[in-house]
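Please look over the model below before reading my points. The notes begin with the ligand site and then move to the rest of the chain.

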Amino acid sequence: MKFRELIGILLVGAFPLTASAQSVTKSPANEQYLPRLGDIMNNIQLRHIKLSFAGKAQNWELAAYELRQLRAGLVEAAVMYDGIPVTNVATMTAPIDSIGDAIAAKDGKRFAKLFSELTVGCNGCHQSMDRGYIQIRVPTEQPFSNQVFPPRGTP
Ligand code: HEC
């Protein structure tokens, strides 16, 4: 798969927040700012955690949002860092798309299974890039005590 095609595939649905994001403009000093890959990955890690707990809480709207954010993070990594093997990013599109389907179908069981597969994909790339020491797993504890994960109005 060509790099451009891949970006095209990944970009679908990746930037849902453009309208509101446009009101925040970059200052000239920030024009050259390139986030470090580790920082993009840290954001992806947060989205991975939040996606997991949104799915567990059956908050499908939040889960869809976090999935879009996670996808956008991977697009950023692939666009900004040439050294990232395109095939490794491409392997993430299938589980991400399938999770999107599970979210649309509000299917918690399928979501959980696919979330594990997505996590295997994270580690696959880390291993292939000599980062096998960065091991991701399905989170067990919700670290964000200041955010509510069940849908609004849930008792
Ligand atoms: C296409 C390759 C690739 C994929 C896919 C990928 N990563 Fe990474 N990740 C990297 C690389 C490369 C680094 C090391 C960055 C560096 O050396 O600066 C990294 C680093 C990290 C780190 C360490 C950040 C830090 O500085 O502490 C975390 C956490 C992480 N990734 C989470 C994830 C999660 C979660 C997923 C899956 C949702 C994922 N990554 C998918 C390539 C990938």
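1. Pocket terms first. On a 1 Å grid over the protein atoms alone, a pocket is an open set of points with protein on both sides within 12 Å along at least five of seven lines. A molecule sits in a pocket if more than half of its atoms lie within 2 Å of its grid points. By that test, the ligand sits in the second largest pocket.

2. Ground rules. This is a predicted model, where local features need pLDDT of at least 70 and side-chain atom pairs count only at pLDDT 80 or more, while totals for chains, interfaces and linings use all residues. Residues are numbered from 1 along each chain as its sequence is written, and side-chain values use heavy atoms, with hydrogens and water left out.

3. Overall fold. The chain has six helices and zero strands. Helices here are DSSP runs of H or I with at least four residues, strands are runs of E with at least two, and numbering starts at the N terminus. The order from the N terminus is α-α-α-α-α-α. Of the 155 residues, 35% count as buried. Buried means under 20% relative accessible area, exposed means over 50%, and partly exposed is in between (1.4 Å probe, protein chains only).

4. The iron site. Which protein atoms are donors of the iron atom of the ligand? They are SD of Met41 and NE2 of His126, lying 2.0 to 2.4 Å from the iron. Donors are N, O and S atoms within 2.8 Å of the metal (3.2 Å for Na, K and Ca); water is not among the atoms, so sites may look incomplete.

5. Geometry. Why is the arrangement octahedral? Because the six donor atoms around the iron atom subtend angles of 88 to 179 degrees. Six donors count as octahedral if opposite donors are over 155 degrees apart and all others between 65 and 115.

6. Is His126 buried or exposed? His126 counts as buried because its relative accessibility is 13%. Met41 has a relative accessible area of 27%, so Met41 is partly exposed.

7. The ligand shell. There are 18 residues around the ligand, and Met41, Cys122, Cys125, His126 and Arg131 come nearest. A residue is near a molecule if one of its heavy atoms lies within 4 Å of it. Helix α3 gives the most to this shell, with seven residues.

8. Asn42 has a polar side-chain atom 3.4 Å from an oxygen atom of the ligand. For Arg131, the distance to a ligand oxygen is 2.9 Å. A polar side-chain atom of His126 lies 2.8 Å from a nitrogen atom of the ligand. The elements that give two or more residues to the shell are α3, α5 (86-104) and α6.

9. Asn123. This residue is placed in helix α6. Its relative accessibility is 15%, so Asn123 counts as buried. The Asn123 side chain reaches the backbone oxygen of Ile136 at 2.8 Å.

10. Backbone points to check. Gln58 is not a glycine, yet its phi is positive, about 55 degrees. Gln58 lies in the loop between α3 and α4 (60-80) and, at 42% relative accessibility, is partly exposed. Lys106 is not a glycine either and has a positive phi of about 50 degrees. Lys106 lies in the loop between α5 and α6. At 55% relative accessibility, Lys106 counts as exposed.

11. Gly55, in helix α3, is buried at 4% relative accessibility. Ala104 lies in helix α5 and is exposed, at 65%. Ala104 and Trp60 are 44 residues apart in sequence and 7.5 Å apart in space, C-alpha to C-alpha.

Note on methods: Tetrahedral: all angles 85-135°; square planar, octahedral: opposite > 155°, others 65-115°. Polar contact = N/O pair within 3.5 Å; in protein donor to acceptor, adjacent residues only side chain to side chain. 1 Å grid on protein atoms, 1.4 Å probe; cavity = no way out; pocket = protein on both sides within 12 Å on 5 of 7 lines; lining within 4 Å.
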